[in-house]
Amino acid sequence: MKKILITSGILLFMANMSNAQWDTNANGDVYALTNVGIGTSDPENALHIDKGELKISHDANAPTIRLYDSADGDQFVLRHHRNGDRFELRSDAGTLLSITKEGLVGIGSQNPDSKLTVNGRVHASAVKLSLNIPADYVFQKYYTGESDLLPEYTMPSLKEVEKFVKENHHLPGVPSAKELQEKGMDLAQMNNVLLRKIEELTLYIIEQEELIQQIMNEEKQ
């Protein structure tokens, strides 16, 4: 039965190929003048493969598909990198997209190091970030004396903040300029750190306001 199916497939392929019109150029290259069908007797495109797969093997060179724009000569190249670790979409401008065998995706990057690595500007209508420990532990610990979000958190006094800033030239808990230059910024983490600082600043202001009101009331007496 398997031999019959294979033979039938070969005969169908040969029939489709024979139905196409062929020609040769001065170099002896063969090309089709009409659509070519594989697995179909009614091809709808220049090459129409029905219920099958296109396999491109390679030895020394990376398997490559080139798409040309005959009007201006631009080309897009789809290729499986020769060391076998990634798939690339390239143009005359360089690497447009790369996907590694681990599932890492790079846009404008040949060697993505994250699920998505973008070498360039990102324009989005919205970005959603997930946080495991939101910064509201500041208020929890201040008003209740404990926090289920981050039990070990302790709010620094203004004197401690002043001492740290004088010595390090950046806020406690915030990456230094050198760290940001070397490692970049985790947007979700940084937004949460800034929220923590805003909550701490809010509590400092509330304490200052209470102290001012206390002093004013004492002066009135």
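**Entry 1: Lys 197**

I looked up the burial of Lys 197 first. Lys 197 is buried, at a relative accessible area of 14% (buried is under 20%, exposed over 50%, partly exposed in between, with a 1.4 Å probe and protein chains only). This is a predicted model, where local features need pLDDT of at least 70, side-chain atom pairs count only at pLDDT 80 or more, and totals for chains, interfaces and linings use all residues. Residues are numbered from 1 along each chain as its sequence is written, and side-chain values use heavy atoms, with hydrogens and water left out.

I then placed Lys 197 in helix H5 (helices are DSSP runs of H or I, at least four residues, numbered from the N terminus). Which residues does Lys 197 contact, leaving aside its neighbours within four places in sequence? I found Leu 171, Pro 172 and Val 174 (contact means heavy atoms within 4.5 Å).

**Entry 2: the partner of Lys 197**

I checked the charge pairing next. Lys 197 forms a salt bridge with Glu 200 (a side-chain nitrogen of Lys or Arg within 4 Å of a carboxyl oxygen of Asp or Glu). The closest N and O atoms are 3.3 Å apart. Helix H5 covers residues 187-220, and the two residues sit 3 apart in it, so about one helical turn separates them. Is Glu 200 buried or exposed? Glu 200 is buried, at 3% relative accessibility.

I also noted a network elsewhere. Salt bridges with shared partners link Arg 79, Asp 85, Arg 86 and Glu 88 into one network.

**Entry 3: helix H3**

I moved to Glu 162. Which lysine meets Glu 162 at 3.8 Å, N to O? I found Lys 159, and the side chains of the pair form a salt bridge. Helix H3 runs over residues 158-168. Lys 159 and Glu 162 are 3 residues apart in this helix, so about one helical turn lies between them.

Lys 166 also forms a salt bridge with Glu 162, with the closest N and O atoms 3.4 Å apart. Both residues lie in helix H3. They are 4 residues apart, about one turn of the helix.

Lys 159 is exposed, at 63% relative accessible area. Lys 166 is exposed as well, at 60%. Glu 162 counts as partly exposed, at 37%.

**Entry 4: total**

How many salt bridges does the structure hold? I noted 7.
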